[in-house]
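Here are my notes on this one, jotted down point by point. Have a look at the model first, then read on.

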Amino acid sequence: WAPMTIFTELWGIPYLDQVYNMSEVASNAHMAIVWIAVAVFSPLIGIFSQLCGKRLLPLRLTALIGLLGAIVLLFAPDVFKVVPGWLIWVSLFCFGIGPTGAILSFAVVKDYNRENLGAAIGFNNMMVVLGGAFFQPLVGVLINMFWDFKAAGETPVYTLANYQIGLCILPLCFLAGFVLSLLFIKETNCEQVILKK
């Protein structure tokens, strides 16, 4: 969930303003695409998980889709002189699908915990929120660390490279989610797992 709090709540609008030359109104409208993807895919990912009887497949798919969206958002300006509007929309939508895997983390916690379910879900929720609280200021530090104050004067004007350095955390979060679901979480097949004591 950290990419959502980093990008949609703090750095996304100034990034779109500066890098994609959007007005603040257009940036806000584009950011709504991410929230629409979250609203649509959060219940759908849960339904998909139940229908296929798997937790890890949807977790991995959402992480990979989010990773793709984040990479395109960050590096499309390096590839295209003018980034096509449809590509921005698609990458924002894919970016919004990525964090919906966080919904399934609660289902995985439920599958592994019977006796201490409330505490386990509370801990999971705290970790989801802490990711954003930790990474938002870290992105700011990274972006601010590399701006050229000699060229810009006292007021920082961030370049694409500044944003790419700071926001590289976005694809790294999705990649970490994919790797963790690949290596460290065992499939529950949507059933309660009885742990041996």
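1. Starting with the contacts: of those in the protein chain with a separation of 6 or more, 75% are between residues 24 or more positions apart. Contact here means heavy atoms within 4.5 Å.

2. Some housekeeping before the details. This is a predicted model, where local features need pLDDT of at least 70 and side-chain atom pairs count only at pLDDT 80 or more, while totals for chains, interfaces and linings use all residues. Numbering runs from 1 along each chain as its sequence is written, and side-chain values use heavy atoms, with hydrogens and water left out.

3. On confidence, the mean pLDDT of the protein chain is 92, and 95% of its residues reach 70 or more; pLDDT is the predictor's confidence in each residue, from 0 to 100. Among the chain's elements, helix α7 (residues 149–152) has the lowest mean, 61, and helix α4 (residues 85–97) has the highest, 97.

4. For the overall build, you'll find nine helices and zero strands in the protein chain. Both are DSSP runs numbered from the N terminus: helices are H or I with at least four residues, strands are E with at least two. The C-alpha trace spans about 65 × 30 × 25 Å along its principal axes. Of the 197 residues in the chain, 43% are buried, where buried means under 20% relative accessible area, exposed over 50% and partly exposed in between (1.4 Å probe, protein chains only).

5. Now the charged pairs. The count comes to two salt bridges, each being a side-chain nitrogen of Lys or Arg within 4 Å of a carboxyl oxygen of Asp or Glu. One joins Arg 55 to Asp 111, with the closest N and O atoms 2.8 Å apart. Arg 55 sits in the loop between α2 (24–52) and α3 (56–79) and Asp 111 in helix α5 (residues 101–112), so this pair ties together parts 56 residues apart in sequence.

6. Asp 111 also meets Lys 110 in a salt bridge, at 3.1 Å from N to O, so Arg 55, Lys 110 and Asp 111 are linked in a network. Which of these are buried? Arg 55 and Asp 111 both are. Asp 111 has 0% relative accessibility, whereas Lys 110, at 34%, counts as partly exposed.

7. Ser 49, in helix α2, is worth a click too. Its relative accessible area is 0%, so Ser 49 is buried. Neighbours within four places in sequence aside, Ser 49 is in contact with Lys 54, Arg 55, Pro 58, Leu 104 and Cys 190.

8. The largest pocket holds about 830 Å³ of space. On a 1 Å grid over the protein atoms alone, a pocket is an open set of points (a 1.4 Å probe fits) with protein on both sides within 12 Å along at least five of seven lines, and lining residues have an atom within 4 Å of a point. Grid points are joined across faces, edges and corners, and the volume is the space filled by probe spheres set on them.

9. That pocket is lined by 28 residues, with Trp 1, Ala 102, Ser 105, Gly 177 and Leu 180 nearest its centre. Which helix gives the most to the lining? It is α6, with seven residues. By class, the lining has 19 nonpolar, nine polar and no charged residues; nonpolar covers Ala, Val, Leu, Ile, Met, Phe, Trp, Tyr, Cys and Pro, charged covers Asp, Glu, Lys and Arg, and the others, Gly among them, are polar.
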